[in-house]
Amino acid sequence: MTDIKKGLAGVVVDYTAISKVNPETNSLLYRGYPVQELAATQPFEAVAYLLWHGELPTEEQLADLVAFERANRTLDPAVKTAIDLLPLEAHPMDVVRTAVSVLGAADPAAFDNSRESDVEKSRLLLAKIPAMVAYDQRRRRGQGLVEPRDDLDYAHNFLWMTFDEEPDPVVAAAFNVSMILYAEHSFNASTFTARVITSTMADLYSAVVGAIGALKGPLHGGANEAVMHILDEIGTAQNVGPWLDEALASKRKIMGFGHRVYKSGDSRVPTMKAALDTLVEHYDADELAELYDALESDFVSRKGIYPNLDYPSGPSYHLMGFDTLTFTPLFVAARVAGWTAHIMEQAASNALIRPLSEYNGPDERHLDGHVPDA
Ligand code: ACO
């Protein structure tokens with residue numbers, strides 16, 4: 001009998017030098033550096049550079065990336081027109097997927113798969129996605145586009161373009177941490193999707209558009225949005241017990257818990273939880289914190305399944321003021337750094353990704369005269 005690896009569970013499909021997830025030690029290294037150290041000391045832009053190039057940038061290299069990012073933050077007219085054509089009810093993941101597709105279709109270098117061109121496109125996507133995400137949230141609120149400010153770093157400018165008010169440094173620091181933690185996580189579903197598309201020698205934009213589609217699902221990136229929906233549904237810490245009784249009886253998945261690789265805790269959670277604690281204190285959000293703790297302790301004690309990064313990031317983005325629907329596009333803005341690093345790694349040592357399947361349909365049969373009249 002063929003040994004079918006449903007969901008590719010446990011299958012090692014390739015090497016990667018970009019990140020190492022170690023479920024034994026609950027650790028995550030980006031190019032050898034513990035993600036916690038990077039989150040505590042680096043701007044998101046430097047981490048993106050590390051993922052793309054293998055080393056942290058020198059002062060000059062960082063200045064070059066920062067200058068490029070600041071110069072390319074505007075929403076292109078064609079992209080804005082495309083977003084404006086979409087209904088306000090469109091899911092923001094569909095909006096950002098469409099916007100990236102339009103950007104790619106308008107780029108004359110889209111088909112240039114050289115590393116130099118792909119680095120350029122990666123930098124461009126890093127710079128441009130925040131404007132797409134920020135503008136879409138604003139238009140859903142009946143607000144207009146806010147032009148970027150080149151005196152602000154990535155995190156502060158993202159908040160500025162979303163909320164049109166002077167960014168709060170406490171919020172910007174927590175946001176920067178979330179971007180770094182979300183930036184990369186080896187062969188997850190969306191990154192693998194990007195690598196599959198790249199393996200056909202399609203262009204970088206196509207691979208990123210496909211990755212956005214894969215990230216949307218609630219078993220992957222869509223979980224940060226789903227976490228907030230369940231916290232809203234439960235309401236208060238007192239309701240957790242009865243809510244969980246019913247949810248588990250009806251075999252519901254509790255969003256923000258569990259992971260294919262980590263089985264005893266997600267390496268990124270303590271760092272994001274610390275950022276959430278800062279926000280809770282900053283906004284006096286004790287009720288939300290009690291609900292968060294009550295659901296975690298009750299679910300972990302019943303099932304032994306631990307929170308993943310989406311559990312603390314969902315309520316963090318809520319406290320920062322983002323709409324729940326915007327949470328997964330924020331994940332896109334961060335993960336595009338990892339996706340593009342993997343796209344370039346795949347392209348550099350490519351083999352078409354084409355697994356096999358075991359056929360279990362009907363045995364061979366013939367039409368025997370069942371041919372429609374001409
Ligand atoms: N709630 C309830 N039960 C769960 C959960 C959960 N969140 N996660 C796992 N389980 C249970 C399953 O029902 C299953 O039970 P069974 O053996 O009795 O059928 C068992 O644990 C194994 O679960 P699988 O789904 O088979 O494990 P897998 O490794 O495939 O799943 C996954 C990982 C998909 C992430 C799962 O834990 C899940 O659905 N979690 C909720 C969605 C979520 O938070 N996704 C975010 C992932 S991390 C990220 O993208 C940043």
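Two residues are taken to be in contact if their C-beta atoms, placed from the backbone, lie within 7 Å. This is a predicted model, in which local features need pLDDT of at least 70 and side-chain atom pairs count only at pLDDT 80 or more, while totals for chains, interfaces and linings use all residues. Residues are numbered from 1 along each chain as its sequence is written.

**View 1. Helix α6 lies roughly antiparallel to α16.**
Let's start with a helix pair: α6 (residues 115-140) and α16 have axes that come within 9 Å and cross at roughly 170°. That angle makes α6 roughly antiparallel to α16; angles under 35 degrees count as roughly parallel, over 145 as roughly antiparallel, 65 to 115 as roughly perpendicular and the rest as oblique. Axes here are lines fitted to C-alpha atoms, for helices over the stretch in contact, with angles from 0 to 180 degrees between N-to-C directions. From α6, look for Arg115, Asp118, Ser122, Leu125, Leu126, Ile129, Pro130 and Val133. They meet Pro329, Leu330, Val332, Ala333, Val336, Ala337, Thr340, Ile343, Met344 and Ala347 in α16. By class, this contact of α6 with α16 has 14 nonpolar, two polar and two charged residues. Ala, Val, Leu, Ile, Met, Phe, Trp, Tyr, Cys and Pro count as nonpolar, Asp, Glu, Lys and Arg as charged, and the others, Gly among them, as polar. Helices (H or I, at least four residues) and strands (E, at least two) are DSSP runs, numbered from the N terminus.

**View 2. Helix α11 packs with α16.**
Here α11 (residues 223-234) meets α16 at an angle of about 155°, and their axes are 7 Å apart. The two helices are therefore roughly antiparallel to each other. Their crossing is right-handed; a crossing is left-handed if the near helix is turned anticlockwise from the far one by less than a right angle, and right-handed if clockwise. Asn224, Glu225 and Met228 of α11 make the contact with Phe327, Thr328 and Phe331 of α16. Three nonpolar, two polar and one charged residues make up the contact of α11 with α16.

**View 3. Helices α12 and α14 are oblique to each other.**
The axes of α12 (residues 240-249) and α14 (residues 286-303) come within 10 Å and cross at roughly 45°. This crossing of α12 and α14 is right-handed. On the α12 side you will find Val240, Gly241 and Leu244, and on the α14 side Ala294, Leu295, Asp298, Phe299 and Arg302. The contact of α12 with α14 counts five nonpolar, one polar and two charged residues.

**View 4. Domain 1 touches domain 2.**
The domain assignment, which is automatic or from a database, gives domain 1 (17-217 + 329-348) and domain 2 (223-319). Their centres, taken over C-alpha atoms, are separated by 25 Å. Domain 1 gives 16 residues to the contact and domain 2 gives 18 residues. On the domain 1 side, β2, α1 (35-41), α8 (169-182) and α16 (327-348) each give two or more residues. The largest share of that side, six residues, comes from α8. By class, the side of domain 1 that touches domain 2 has 12 nonpolar, four polar and no charged residues.

**View 5. Three strands form an open antiparallel sheet.**
The strand order is β1-β2-β3, where strands pair if DSSP finds at least two bridges between them. At the edges are β1 (19-22) and β3 (33-34), each pairing on one side only. Two bridges join β2 (residues 27-30) to β3, and tyrosine 30 stands opposite tyrosine 33 in β3.
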